[in-house]
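Please open the model in your viewer and keep the selection tool at hand.

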Amino acid sequence: MEKSRVLVVGATGYLGKRLVKASLANGHPTFVLLRPEIGVDIEKIQLLLSFKEQGAKLVEASFSDHQSLVDAVKQVDVVICAISGVHIRSHHILLQLNLIKAIKEAGNIKRFLPSEFGTDPSRMRHAIEPGRVTFDDKMVIRKAIEEAGIPFTYVTANCFAGYFVGGLSQPGSIIPSTDHVLLLGHANVKAIYVDEDDIATYTIKAVDDPRMVNKTLHIRPPENILSQTDLVQAWEELIGKQLSKATISEEDFLTKLKSMDFAEQVGLGHYYHICYEGCLTNFELGDNEEEATQLYPEVNYVRAKDYLKRYL
């Protein structure tokens, strides 16, 4: 079967560059959106040129130029958007409304994968302020996609390993200490950790999979469903010593959250739901939902305990 032509939007970002790599590796004709707003950001320009050298085609278009977006999406079969929805970096989720309008007008797109890749927003209607803005905005995008009748696949990838495994699930930390760790509550709530390259691999596998039309793909690697204590113990085994441990209660965590600036409050709110509430693992998959490791057992996903070895 001929592989779909894939356009990656947000290709210079943390996940976007991995999506380009995975698309090329899987033999898809791969297109990358080049936005004129990139200006003289030399690092992004050089990254885009490296994609071109690897076989991707650069397509110039802007979110503020509707016709350019229509022209861009007419060249492909599938659009994957990976623009940032993380407030500590940038938050542009609603820009996708412009992309949806272009996809609807173009009328040729077989699948749209919007920028999600984290916690399932449909299960976060109870989320605390201000962190819920991320989930609310993603639900606005879902509603617009479905009302436009655009075939979709939503990908929920849970916790990015670089942020959560590297930091032993501690907010504000991305490199594990060899001396101490802050435990969130009883540190026994299960979360789901996924290597970022694996997220890209599973995403690309879904784009031509008829089983994933108008469904949500949950990436839940069974060996990576772990508590914070599990992560800490794995790290202690690797370094051959016990860490000094402190604990922050749920009440103290929420009090601390209120003293932070807006972006930090958003991020900490997500940690609260993941590490205290267990929002990633307190439900079973329902209709129109599939689990990635079951659909694609051939993928040898990175185990969280192995991911930690890079920090030795």
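Begin by selecting the five strands that form an open sheet, which run in the order S3-S2-S1-S4-S7 with parallel pairing. Strands (E, at least two residues) and helices (H or I, at least four) are DSSP runs numbered from the N terminus, and two strands pair if DSSP finds at least two bridges between them. This is a predicted model, in which local features need pLDDT of at least 70 and side-chain atom pairs count only at pLDDT 80 or more, while totals for chains, interfaces and linings use all residues. Residues are numbered from 1 along each chain as its sequence is written, and side-chain values use heavy atoms, with hydrogens and water left out.

Now select S3 (57–60) and S7 (111–113), which stand at the edges with a single partner strand each, so one side of each is left without a neighbour in the sheet.

Then select helix H4 (residues 96–106) and helix H5 (residues 132–147), whose axes (lines fitted to C-alpha atoms over the stretch in contact, with angles from 0 to 180 degrees between N-to-C directions) come within 10 Å and cross at roughly 10°. H4 and H5 are therefore roughly parallel to each other, a term for angles under 35 degrees. Where they meet (contact means heavy atoms within 4.5 Å), Gln96, Leu97 and Ile100 in H4 face Val140, Ile141, Ala144 and Ile145 in H5.

How values were computed: Parallel < 35°, antiparallel > 145°, perpendicular 65-115°, else oblique.
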